[in-house]
Amino acid sequence: MTSPTGCSWTALNSDGWITITAGGSGNGSISYTVASNATIQTRTGTITAAAQTLTITQTGIDCTYSFSSSSASFDSDGSSGSVGMTSPTSCDWTASSNESWITITTGASGSGDGSIAYTVDANSTI
């Protein structure tokens, strides 16, 4: 911030995720911290001092997904199983089968961590 000596100014923030930690008078700096953004949304806020505005843009988290296991084996009688899904809280996911003999029974969709249960039909082929 550039201002004549003796001219005081106050910095104001527009959002609770921006915290101003120092202000002053005359030439000086506005110190601030930005809280972690745990959502997938990009957010924008401002700091204003002496009719000047600083725009702060913060990206959201990336949605990453992983299964608790990468494979499962069943004998020819078929059975049921489940697999854990891990993802950040605000990340939605949908589970589906690419095979007609595997049916999702619960957990076909969710957000964040969850569990997907499925059944595997009996295999009568040789």
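The model is a predicted one, in which local features need pLDDT of at least 70 and side-chain atom pairs count only at pLDDT 80 or more, while totals for chains, interfaces and linings use all residues. Residues are numbered from 1 along each chain as its sequence is written, and side-chain values use heavy atoms, with hydrogens and water left out.

**Whole chain.** Begin with a cartoon view of the chain, where there are 13 strands and 0 helices; strands are DSSP runs of E with at least two residues, helices are runs of H or I with at least four, and both are numbered from the N terminus. Of the 126 residues of the chain, 20% count as buried, where buried means under 20% relative accessible area, exposed means over 50%, and partly exposed lies in between (1.4 Å probe, protein chains only).

**The largest pocket.** Next select Ala72, Phe74, Ile102, Tyr118 and Val120, which are the closest to the centre of the largest pocket among the 27 residues that line it. The space in this pocket comes to about 580 Å³. Strand 9 (79-86), strand 11 (102-106) and strand 13 (114-120) each supply at least two residues of the lining, and the lining as a whole divides into 13 nonpolar, 11 polar and 3 charged residues. A pocket here is an open set of points on a 1 Å grid over the protein atoms alone, where a 1.4 Å probe fits, with protein on both sides within 12 Å along at least five of seven lines, and lining residues have an atom within 4 Å of a point.

**Thr106.** Stay with strand 11 and select Thr106, which has its place there and counts as partly exposed because its relative accessibility is 47%.

**Thr125.** Move on to the segment after strand 13, where Thr125 is found; with 59% relative accessibility, Thr125 counts as exposed. The C-alpha atom of Thr125 is separated by 8.7 Å from that of Ser76, although the two residues are 49 apart along the chain.

**Val34.** Finally, select Val34 in strand 5 (residues 31-34), a residue that counts as partly exposed because its relative accessibility is 34%.

Note on methods: Points joined across faces, edges and corners; volume = space filled by probe spheres on them. Nonpolar A, V, L, I, M, F, W, Y, C, P; charged D, E, K, R; others polar.
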